[in-house]
Amino acid sequence: MDIKEIIKPENLVYKKTGLMTDNPLSYCPGCGHGTAHRLLMEVVDELGIVEDTIGVAPVGCSVLAYDFMNVDMQGAAHGRAPAVATGIKRCWPDKYVFTYQGDGDLAAIGTAETIHACNRGENITIIFINNGIYGMTGGQMAPTTLPGMRTTTSPYGREVEMMGNPLKITELIAQLPGVHYVTRHAVHTPRAVRKTKKAIFKAFEVQKEKKGLSFIEIVSNCNSGWKMEPVASNIWMEDNMFPFYELGDIKIDGQLVTK
Amino acid sequence: MKELRLMKGNEAIAEGAIRAGADAYFGYPITPQSEVMEYLMMEKPHERTGMVILQAESEVASINMLYGAAGTGKRVMTSSSSPGISLMQEGISYMAGAELPCVLVNVVRGGPGLGTIQPSQSDYFQTTKGGGHGDYRLLTLAPAYVQEMYDFAALGFELAFKYRTPVMIQADGLIGQMMEKVEIGDQAARFTEFDQSWATTGKKGRERNIITSLDLDPARQEQHNIHLQAKYADIVKAEVRFEEIQTEDAEYLFVAYGSSARISQKAMQLARAKGIKVGLFRPITLWPFPTEQIDAISKRVKGILTVEQSAGQMIEDVKLASQCRVQVEHFGRMGGMVPSPEEVLEALEQKLIGG
Amino acid sequence: MAKFRGAIVVDTEHCKGCGVCVPACPSQVIGLAEEVNSKGYHYSFMANPEACTGCANCSIVCPDGVITVYKVKLEV
């Protein structure tokens, strides 16, 4: 069968959602941010809630998220996205509000805003991209950098005694009563992508039902910061990040998952 | 007949915000302004008008909640006192950059640092000369009466939306804490219908809206700055507010705002009783500063005494306005000390009249 | 049993040649081109088009959303 006979509109099974703009993504080749953006927009698209969705972009690599996500968005100051989202949601309780934040933004400078928005049970969705490094500023140590991991500010590897421990903020947040749904996923394989998308769907459902805050961590790669090829970085992530940041549900329907 | 109430300044501004149809208040307790949120919580404006009230985890969070809510086109307010306002500076700069309307209230206390909880006016530089980073100006109203605390809430929202810019109501601990009678106005409607063309309310029947202060392209960022400066020039042209008391025949002039203006008014009466013709000029907007008006008066007086509860901050603007035409001196107390009218008169006599 | 034939169309100009799609393909269809696009990236392409089943795995892991997938059901 000729390829031309296959490539016809009626045979289309997958194309980029229209809720992603045509602006070329500013992310490095192979970076999981693009996939995470697209999944989020696919969910908004498929739920038919674009007219009622307001997103909040962070400071970090995804500071320009609003260049790519074709929905109403606000750019927050570094770490303050959960407070900005709180302000939006409190005034518009029937709108869907999400934040999209990296590990430096959410788990270092914005820890207070993150924990308090979660603890108040703000009825929002937080998408947390954890790649264990500050990508935007050129690969410095993040609160989530693994012990021994090399970054430009831990050039001989993270020494826990001197630099402190990596922060599992997702597990911490799961303890808070205002948080309804907490889960950790990845976007580097087709299977991981499908699971993440399901989780994002669930998070927006939780928001629709006004049950409290949903928190989705996506463990992702930073091949530039980690100084690896994209595919190699995904393998390194499986071997090193996943044992520490274990994938799976942490809290469902307000109940901690016992493993 | 209008309703009269005996109120604290902090209560008056809270009631003023409700009556002005405010949509939301986000704040964090700090002396000497905690009564603002206490009053709001007692009044349950969420039941009275649907106004949202939330106690945030910090001033940093409150200003960013303001940013988010203001970005959806809502009438939003916060209040704090000096150390808390310092924490908000980042957010204020972002709101100025993103052109978000809001009303900020600073019930100033003595500094620097944790300083004291007593009244002061030592945040003049911070408010009028920037505070946060970048080229922005903060439209600043300085109430001297509890009635103005009430009135300026509505005026603040009006100006904030007219120019899509943050507006500061810069009071001091004295105005915040003292009680006076207040004429209460009617309840204004909350924003149910408003211009949503720029606000992030969900992309419906239009292209998406983006609220941000970021533009990485320097040429576009410069254009944005030029636009902001043009707006500030419009504000300077149209929004200067001031009060003159007995300046017509004055040989000497007090320039003072807020509670210092009240003290100086008494000092003026004491001076006039002694035959010294003193007038009082009270800037109501600290930015834009009444430069032209002070320039004009400086041509016909022998000397100017600025009275501030600070080491002398506004005096710089008074000197610039009067172009060194006459002697300009400062008298002030610091660290939460409030000057007496007698001290002000004595300073006038010693510094300007010559003993 | 139903058999599927598929095909992908890569927006070669916006492909960054990261190669994440290559191991995602269960049928080893995709390769990276020897040629480069205007940004200098070796964009992905169907090196083995006959094997494509249109499963869309490549497109859902593509960070840049540059892969469009088509699929037809073949009667055997």
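## Interfaces in a predicted three-chain model

Across the interface of domain 1 and domain 2 of chain B, 16 residue pairs are in polar contact, both residues at pLDDT 80 or more; a polar contact is a pair of N or O atoms within 3.5 Å, where within protein one must be able to donate a hydrogen and the other to accept it, and residues adjacent in sequence count only if both atoms are side-chain atoms. This is a predicted model, in which local features need pLDDT of at least 70 and side-chain atom pairs count only at pLDDT 80 or more, while totals for chains, interfaces and linings use all residues. Residues are numbered from 1 along each chain as its sequence is written, chains are lettered from A and ligands numbered from 1 in the order in which they are written, and side-chain values use heavy atoms, with hydrogens and water left out.

**Domains of chain B**

- Chain B is divided into domain 1 (3-238) and domain 2 (242-353), with bounds that come from an automatic or database domain assignment.
- The centres of these domains, taken over C-alpha atoms, are separated by 28 Å.
- Domain 1 of chain B gives 32 residues to the contact and domain 2 of chain B gives 28, contact meaning heavy atoms within 4.5 Å.
- About 2500 Å² is buried between the two domains, with 56% from carbon and sulfur atoms; buried area is the accessible area (1.4 Å probe) that two parts lose on being put together, summed over both.
- In domain 1 of chain B, Q121(B), Y124(B) and F125(B) lose the most area to domain 2, together 30% of what that side buries.
- Three salt bridges are counted between the domains, a salt bridge being a side-chain nitrogen of Lys or Arg within 4 Å of a carboxyl oxygen of Asp or Glu.
- E180(B) and R262(B) form a salt bridge through their side chains, at 2.5 Å from N to O.

**Chains B and A**

- Of the two pairs of chains in contact, chains A and B share the most contacts.
- Here 34 residues of chain B are in contact with 37 residues of chain A, and the buried area is about 2700 Å², with 58% from carbon and sulfur atoms.
- On the chain B side, E57(B), K203(B) and R208(B) lose the most area to chain A, together 23% of what that side buries.
- The count is three salt bridges; the side chains of E90(B) and R80(A) meet in a salt bridge at 3.5 Å, N to O.
- Chain B and chain A also have 18 residue pairs in polar contact (both at pLDDT 80 or more).
- Strand β3 (residues 72-75) of chain A pairs with β9(B) in the parallel sense over two bridges; strands are DSSP runs (E, at least two residues), numbered from the N terminus, and two of them pair if DSSP finds at least two bridges between them.
- Within this pairing, Q74(A) stands opposite I211(B).

**Chains C and A**

- Contact involves 32 residues of chain C and 31 residues of chain A.
- Chain C and chain A bury about 2400 Å² between them, 67% of it on carbon and sulfur atoms.
- I60(C), P63(C) and Y70(C) lose the most area in chain C to chain A, together 24% of what that side buries.
- There are zero salt bridges between chain C and chain A, but ten residue pairs are in polar contact (both at pLDDT 80 or more).
- Strand β1 (residues 12-14) of chain A and β4(C) run antiparallel and are joined by two bridges, with Y14(A) opposite V69(C).

**Chains B and C**

- Chain B and chain C do not touch, and their nearest C-alpha atoms are 21 Å apart.

Methods. Helix = DSSP H or I, 4+ residues; strand = E, 2+ residues; numbered from the N terminus.
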